[in-house]
Amino acid sequence: GDAPREEGRAFLCWSFPLFRHRTAATMANFLIPGTIMKAYNQESTGNSFYAQVLEVKRMGVQSQNQPLRYRLSISDGQHSCQAVIATQINYLVSIEGPGQLAKNCIIHIKEHIVNLMQGKKLVIVLNLDVTAEHHETIGQPQPVEPSSGAPKPAGNASYNVAQPQNGGG
């Protein structure tokens, strides 16, 4: 009959790579926990890595002698840090639709440097591609540098995971 042929055709359609844009689920696999910490501490072997944008904020106001600047919060699913994008890639914030630098998107940071600004390290993104849109935060990223008001956790307190109790039955 016709039923098996219909199923076969449906299977063929789904297995064929028709999608131009990578799915966010696939792109989440590009995030490697520990990448942000390595980039932040300037320990990364290469200059290129993937991250998720947790926030995009405009810094200050645009004036004639000062171009507009954007601050990002970027994450690898485990850690997050502050970053600033170079002014030559500001246009990525104003793109409409796919390719827009927006909250929760996955980006491929192709080139970056780390500068010390007001006593804090800041990742300066010189070149990036927006590789996928996403709708929620991946993982539970913790800031690499605690905010000045918050007390630092002692030892590995932030990594303690509740273990099942051995006495209860």
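Accessible areas here come from the Shrake-Rupley method with a 1.4 Å probe, and for residues only the protein chains shown count as cover. With that in hand, I looked up the surface: the protein exposes about 11,600 Å², and carbon and sulfur atoms supply 53% of it.

**Ground rules**

I am working with a predicted model, in which local features need pLDDT of at least 70, side-chain atom pairs count only at pLDDT 80 or more, and totals for chains, interfaces and linings use all residues. Residues are numbered from 1 along each chain as its sequence is written, and side-chain values use heavy atoms, with hydrogens and water left out.

**Entry 1: the overall layout**

I found four helices and six strands; helices (H or I, at least four residues) and strands (E, at least two) are DSSP runs, numbered from the N terminus. Read from the N terminus on, the order is α-α-α-β-β-β-α-β-β-β.

I then checked burial, where buried means under 20% relative accessible area, exposed over 50%, and partly exposed in between (1.4 Å probe, protein chains only). Of the 169 residues, 32% count as buried.

For contacts I took heavy atoms within 4.5 Å. Among contacts between residues at least 6 apart in sequence, 59% join residues at least 24 apart.

**Entry 2: β2 and its two partners**

Which strands pair with β2? I counted a pair if DSSP finds at least two bridges between two strands. Strand β1 (residues 49-59) pairs with β2 in the antiparallel sense over seven bridges, and six bridges join β2 to strand β3 (residues 79-85), also antiparallel.

Between β2 and β3 I noted a hairpin with three residues between the strands, and Gly77 in the turn has a positive phi of about 95 degrees.

Five of the seven residues of β2 (residues 69-75) are buried, so this strand is largely enclosed by the rest of the structure.

Is Ser80 buried or exposed? Ser80, in strand β3, is buried, with a relative accessible area of 9%. Leaving out residues up to four places away in sequence, Ser80 touches Ile36, Leu54, Ser73, Ile74, Ser75, Pro141, Gln142, Pro143 and Val144.

Thr35 sits in helix α3 (residues 35-40) and is buried too, at 16% relative accessible area. Beyond its neighbours within four places in sequence, Thr35 is in contact with Phe49 and Asp76.

**Entry 3: Ile107 and the cores**

Ile107 belongs to strand β4 (residues 106-117), and its relative accessible area is 0%, so Ile107 counts as buried. Its C-alpha atom is separated by 7.1 Å from that of Ala132, 25 residues apart along the chain. Not counting residues up to four places away, Ile107 touches Phe49, Tyr50, Ala51, Val53, Ile74, Leu101, Leu128, Asp129, Val130 and Thr131.

I then turned to the nonpolar cores, each a set of buried Ala, Val, Leu, Ile, Met, Phe, Trp, Tyr and Cys residues joined through side-chain atoms within 4.5 Å. The largest has 27 residues, and those with the most contacts inside it are Ile74, Ile85, Leu101, Ile107, Val125 and Leu128. Elements giving two or more residues to this core are α3, β1, β2, β3, α4 (91-94), β4 and β5 (120-132). The largest share, four residues, comes from β5. Apart from this core lies another, of five residues, among them Leu31, Ile106, Ala132 and Ile138.

I kept one reminder beside this entry: in a regular strand the side chains alternate between the two faces of the sheet.

**Entry 4: aromatics and cysteines**

How many aromatic pairs does the structure hold? I found one, counting rings of Phe, Tyr and Trp (its six-membered ring) whose centres lie within 6.5 Å; planes under 30 degrees apart count as stacked, over 60 as edge-to-face and the rest as tilted. Phe30 and Tyr50 form the pair, which is tilted, at 4.6 Å centre to centre and 55 degrees between the planes. Phe30 lies in the loop between α2 (24-28) and α3, and Tyr50 in strand β1, 20 residues apart. Phe30 is partly exposed at 32% relative accessibility, whereas Tyr50 is buried at 18%.

Last, I searched for disulfides, meaning pairs of cysteine sulfur atoms within 2.5 Å, and the whole structure has zero. Cys81 is buried at 5% relative accessible area, and Cys105 is buried at 2%.
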